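Please keep the sequence and the 3D view at hand while going through the points.

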Amino acid sequence: ADVRAVLFDFSGTLASLEARDEWFTGTGFDAAQRANVMDRLTHPTASVPHHAWEYRDLDPALHREAYLHVLQTSGLADEHAEELYRLVTDPAEWSVYPDTAFVLTSLRLNGIRTAVVSNIAWDIRPVLTAAEVDEFVLSFEVGAAKPDPRIFTEALARLDVPAEQALMIGDSEENDGAARELGCSFALVDPLPIANRPTGLIDALRVHGVAL
């Protein structure tokens with residue numbers, strides 16, 4: 001079926017958070033420790049033994065509590081953990097991939113609807129102000145987080161497009177790939193550093209027959 005809507009994950013798909021060395025001034029962390037902390041913050045896969053973890057993307061207060069726990073158990077002092085959490089949830093610190101704005105604008109011009117479907121507990125809309133997105137379906141606003149099918153069902157309903165005519169693009173086979181269970185197509189992108197992935201979204205769309 002022709003693709004009439006594209007659903008996008010946010011972190012590692014449309015945008016990325018790239019730490020600056022000065023974020024870790026005074027922590028004594030080496031490059032490997034810094035990279036590990038950033039990975040735990042932006043691509044969390046392993047479960048964390050903390051009561052807030054399971055619900056972190058549904059409630060901003062639990063999100064803060066869960067990630068402060070991650071930072072503190074990574075060896076950061078409380079004040080460093082607080083400051084790093086503030087930076088991680090600051091839209092101004094996030095950058096979009098080189099093809100993000102082009103892809104979102106081109107899809108709109110081609111009459112293809114778009115939604116950002118994200119497991120997140122803060123408002124990411126300001127990160128994408130330069131791009132045109134039809135719907136933001138954010139876990140903390142809708143009360144469901146990927147891979148729960150309800151978040152995809154909500155996105156499809158808002159876009160008024162059947163699953164068979166929708167493509168989900170994301171960097172997590174487990175979370176984003178779950179859209180396939182509803183009948184969506186799925187394209188996996190690599191959450192590389194921004195400078196290393198100039199055309200990841202364009203390439204993913206082309207493979208699924210969407211030329212921009």
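Predicted model: local features only at pLDDT ≥ 70, side-chain atom pairs only at ≥ 80, totals over all residues.

1. Helices here are DSSP runs of at least four residues, whereas strands are runs of at least two, and both are numbered from the N terminus.

2. Is alanine 31 buried or exposed? Alanine 31 counts as exposed because its relative accessibility is 51%, and exposed means over 50%. Its C-alpha atom is separated by 34 Å from that of alanine 178, a residue 147 places away along the chain.

3. Threonine 27 sits in the loop that runs between strand E2 (15–17) and helix H1 (31–42). With a relative accessible area of 17%, threonine 27 is buried, and its side chain reaches the backbone oxygen of phenylalanine 24 at 2.6 Å. Once residues up to four places away in sequence are set aside, threonine 27 touches Leu76 and His80.

4. The second largest pocket has a volume of about 220 Å³, and its lining consists of 16 residues, with Ser16, Leu17, Glu18, Thr42 and His43 lying nearest its centre. E2 and H1 are the elements that give two or more residues to this lining. Which element gives the most to the lining of the second largest pocket? That element is H1, with four residues. By type, the lining of the second largest pocket divides into nine nonpolar, five polar and two charged residues.

5. The largest nonpolar core holds 51 residues, of which Phe8, Leu84 and Ile169 touch the most other members. Leaving out residues up to four places away in sequence, phenylalanine 8 touches a list of residues that includes Leu14, Val103, Leu104, Leu107, Val116, Val117, Ile169 and Leu201. A second, separate core has 19 residues, among them Leu159, Ala166, Met168 and Ala179. As background, nonpolar side chains in soluble globular proteins tend to be buried together.

6. Which residues of helix H7 (residues 200–207) are buried? They are Gly200, Leu201, Ile202, Ala204 and Leu205, and what covers the buried residues of H7 includes strand E1 (5–8), helix H4 (100–109), E6 and E7. Just after H7, glycine 209 takes a positive phi of about 80°.

7. Serine 139 is found in helix H5 (residues 139–142), and its relative accessible area of 0% means that serine 139 is buried. A polar atom of the side chain of serine 139 lies 2.8 Å from the backbone nitrogen of isoleucine 120. Leaving aside neighbours within four places in sequence, serine 139 is in contact with Asp57, Leu58, Ser118, Asn119, Ile120, Ala144, Ala145 and Ile151.

8. Glutamate 174 has its place in the loop between strand E6 (166–170) and strand E7 (185–188). Why does glutamate 174 count as exposed? Glutamate 174 counts as exposed because its relative accessibility is 56%, and the cut-off for exposed is over 50%. Glutamate 174 and proline 147 are 27 residues apart in sequence, and they are 6.9 Å apart in space, C-alpha to C-alpha.

Technical notes: Residues numbered from 1 in each chain as written. Heavy atoms only, no water. Buried < 20%, exposed > 50% of the residue type's maximum accessible area, 1.4 Å probe, protein only. Polar contact = N/O pair within 3.5 Å; in protein donor to acceptor, adjacent residues only side chain to side chain. Contact = heavy atoms within 4.5 Å. 1 Å grid on protein atoms, 1.4 Å probe; cavity = no way out; pocket = protein on both sides within 12 Å on 5 of 7 lines; lining within 4 Å. Points joined across faces, edges and corners; volume = space filled by probe spheres on them. Nonpolar A, V, L, I, M, F, W, Y, C, P; charged D, E, K, R; others polar. Core = buried A, V, L, I, M, F, W, Y, C linked by side-chain atoms within 4.5 Å.
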